[in-house]
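Work through the exercises below with the sequence and the model at hand. Each task is followed by a solution in steps.

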Amino acid sequence: MRQVAILPSGCQEKTIGSTLHFDEERIFYASTLAVYIINATTFVLEKIISLNHKAITSISISPHDSNLMVVSGMDGSICLWNVEKEEILSKIQITTGANLVWNPHSKLTCAIIANEATLKMYSWDATRSTNGIQEILNVKNEGLKSTCARYNPNLDGQIAIGCRNSAVIVFNEKTKAQKLLHIGDRTSPVVDLQWDRLSSSYLLVAYQFFLSLWDAESGSEIHAFEKQTIPITCVAWLDWTAGNFVSANGRNRNLKVWNASQKQPLDTLKFAGTSGINSLTFCAGKKRVLCAGDDGSICVLNVQNRLMEYQSSAGHKETIFDCRMSPATPNIFCTASYDSTIKVWSVADLSLSTTLHGNGEVIYSCDWSPKGSMIAAVSFSGLLTVWDVESGRELARYLHHTKPSYSVAWNRHSENLIATTAADGMLVVIHVNFESLYDPHKSFHTGSRKQSANAHRTQLTISDITFRYEHPAPVYGCAWCPTHAAVIATGCHDGIVRVFNHVMKDQLIYQLVGHTMRSFGVCWSPLMPGFLATGGDDNTVCVWEVRLDRSLSIGSKNEIPSNTVAPYKKLVGHTANVRALSWNFEHRNILLSGSWDSSIRLWDALSGACLLVINDHIADVYSIVSHPERPFTYISSSRDTTVRVWEMEGVSTLIRYNAVWDGCFDRLTDRSRFNKNEPSTKNLVKGFHNLPATLQGVYSGSLNSTLSHISRKTDEQRARAKVDSDGKDGDEQALDKFERILPQDPLNLAANFYKIYTFFNGASGSMDVWENALSILGEKRASILQHTESFKPLSMTQQLRPSTMRQICNEHEVLDLARSEARKLESAKMNARKTDLSSKVEDQLRSAAMIHARAGDFAEYCTIMVDLGDWTAALAMAPSVSMDYWKSLCQRYSQHLMNESSEQCVPFLLATGKDADAVEFYLRRHDPNNAMVVAKMSEQRVDLIPDFVVTLSAHNEQAKDGVPKLGKSGTIGTGAPLHSLSL
């Protein structure tokens, strides 16, 4: 197994201490269980340092040596790390998680602020262990709980500690002097604070909804800044401008610029993005800021250029409990997490496609509908939620459990059936009515966090329960049998695995007894009917064989029936609870398992041999999945909050080599009926426990039907090559043979290799290579696989992906790719009211407009600018489309201004030849003076006079009493001069 990609964890939200650091060389951010180190120039991931089995609470990098890092964990452990060598230099233990702040005036001293029974502060000589720690502050006030802390860069030993009750403690380590900065009626917590680098006493304090500047020396508040409607999350001084600072919020990526002398913000720096900012830190001496988003992403913003230089994927911030491949395509998968979200990802580049928000509870399991259009998930309250993946809308909520629900399984044969299990001991199978889910008159939830927070206050969806079975203890895993639509198996706390036929009411057909502790995961073999693998807390994997062509009635649910089955094979090797299980879709022997011992093991399930142990994950492995259309690529998820992509080597490597050489799978296919007593000896791989190098799955057989025509040509060409090879040396002979056996048409050859490589290792970038070859060789990319009659059309998952799904595209697709991205951004306005666009939607539309401008789609740019109300930008760009377009846009704008009774419409009316409309506008405003000016100007525009005279004459005829009329000689009404009359 070779790891080909990793999706890093999301950045942890700032709860106790800082989780970010930014210097000229590197970016540091803390996830739940590791610190990620990224190159600050190339943004390439350099290191992942695994630190604690408990969540990280704070990290701090030495300002004197960026190779030294201190890290605290929720378990109270504090470690000093050598980053380069990835080793612990010293370690201490306190009672709880702490906030760490490195002293800028001491190379080896770090402050530790802990919320124990009282607020305590320790000074630690980080090069020493327990002997180096000393308690220097103990505030015996239960209401004081620290939220943040900063050392004064201009005064040695002075530190400010922000608290939840809005107080700030200013403490001097040398003199032991304490000062409390607090105004009695304030209760808003301190979310951040920063010392002014140009002053030894000015302290900027950020509360939840306002900012305040304090003089720490006198203990007085200088002034409070304008109150904000959106909660503030963090602040930072701008080193390059005296007295200026920025504040951020948790709703968007806007940075407000302030000056210490003014109570209102000076400017707002807007950056694209849909997430808010929960913490930030500037690179010292640079105009670049590192921000952590509330969605787990991090980004680097160039404040001077107002440019986003880098943005990571919005990875999960907490344990990933489940991972599932879309049944419709091997290019999409989803993950379910403790952070109450389900995220949908692209396999090729691990980019985030959609985030579905739960009800604020832990999501333990998820599954796709058979067609891949919906996702179902279960959570801590026992709730089953169903979403539409494309729109992100929440379609239904079902509640049939009274305790946490641990597993959900969607029946692949009967798409209306969903099974769930829970701690209440119930296995429930419900029938879903799709017509009611997609009822156009039904109000949908969008899956946003606000709407999902009140899950139990919303109306639950009615469903029909087709099967219910009560276990004697909590029930965990469940799985439908892929070969028998009515059969389902469960893993229970009593260690017994139960097999049911849900069509036969309350029909328990097998009890599998072999685990000595609770059984958890359940996984049916897709190639061996009746074979089942289960994992348990006894650290073992049990492989079972049951006959599914019969159903037996048994007695009491709690009795061990006569049809009790013992394990066919017990796989021993894991040292902790086994959770993840995955059979291979093409090789019946291969089974993968994942455990709380952080390892993944690859087994020959029939012989019981462990073929490989992988220890790349740093915490419990909860899920391993693959797809039948790409069976040798696996995706794993873990409590370390990472997602990793693997490609199988060994037996699959030989299979791939032979397939590429032959151009088909004919020599590799083993369609013989499975017999466990007569294992296949075809194409044995020596040195790999004698696994046969064959393909035994359903999909490879289907795919081979589109490739096998090559085999006949290959055999003929091989025969000719053998005859013609006499008299040639080895290298020349091999090259000549290879050229002969390949199809002559390069387009057919590329299409053939595309199918083969997509099957074996499409996740590693080979799909991009062959799709680009095909798009270059054939202009009609959508129908390229039907280029000749000999190639039968494949399923949609085997067609060429659009360029937007590829990391590499050829030069002819660059503009198409840009336009597709623009259209994606424009879709934001579909879900928003045109008159009330949120700042996030507005930012997305402006980004789309800029892309259209770069791609030369100036009309699209103008359209978006008009939608945003930015007529000036639209009119400035309009002449690049055409003068007629500019004129029509001016007319639209003038009409818009006229509707608002704005005199600014007049210049645009005159510029487009609408002189009469301009005169009419002034007359309606009872302004004959300006009407006369426009009329006289129009007389000089000879080409427009006839139409204008007619219009003006008609106006005089239809004028009502009391409204002045224009005379022929520039007079009004009775003929008095224009300047001598007033209305």
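**Exercise 1.** Classify arginine 288 as buried, partly exposed or exposed, then do likewise for glutamate 309, and describe how the two side chains meet.

Solution. 
- Step 1. The classes are set by relative accessible area: buried is under 20%, exposed is over 50%, and partly exposed lies in between (1.4 Å probe, protein chains only). Arginine 288 has 16% relative accessibility and therefore counts as buried.
- Step 2. Glutamate 309, at 29% relative accessibility, counts as partly exposed.
- Step 3. The two side chains meet in a salt bridge of 2.9 Å, N to O; the term requires a side-chain nitrogen of Lys or Arg within 4 Å of a carboxyl oxygen of Asp or Glu.
- Step 4. This pair links distant parts of the chain, 21 residues apart: arginine 288 is in strand β27 (residues 288–293) and glutamate 309 in strand β29 (residues 307–311). Strands are DSSP runs (E, at least two residues), numbered from the N terminus.

The model is predicted: local features need pLDDT of at least 70 and side-chain atom pairs count only at pLDDT 80 or more, while totals for chains, interfaces and linings use all residues. Residues are numbered from 1 along each chain as its sequence is written, and side-chain values use heavy atoms, with hydrogens and water left out.

**Exercise 2.** Which parts of the chain are tied together by the salt bridge between aspartate 367 and arginine 324?

Solution. 
- Step 1. The side chains of aspartate 367 and arginine 324 meet at 3.1 Å, N to O.
- Step 2. Aspartate 367 lies in strand β34 (residues 363–368) and arginine 324 in strand β30 (residues 320–325), so the pair ties together parts 43 residues apart in sequence.
- Step 3. Aspartate 367 has a relative accessible area of 4% and is buried.
- Step 4. Salt bridges that share partners join Asp322, Arg324, Asp367 and Arg412 into one network. A search of the whole structure finds 24 salt bridges.

Conventions
Helix = DSSP H or I, 4+ residues; strand = E, 2+ residues; numbered from the N terminus.
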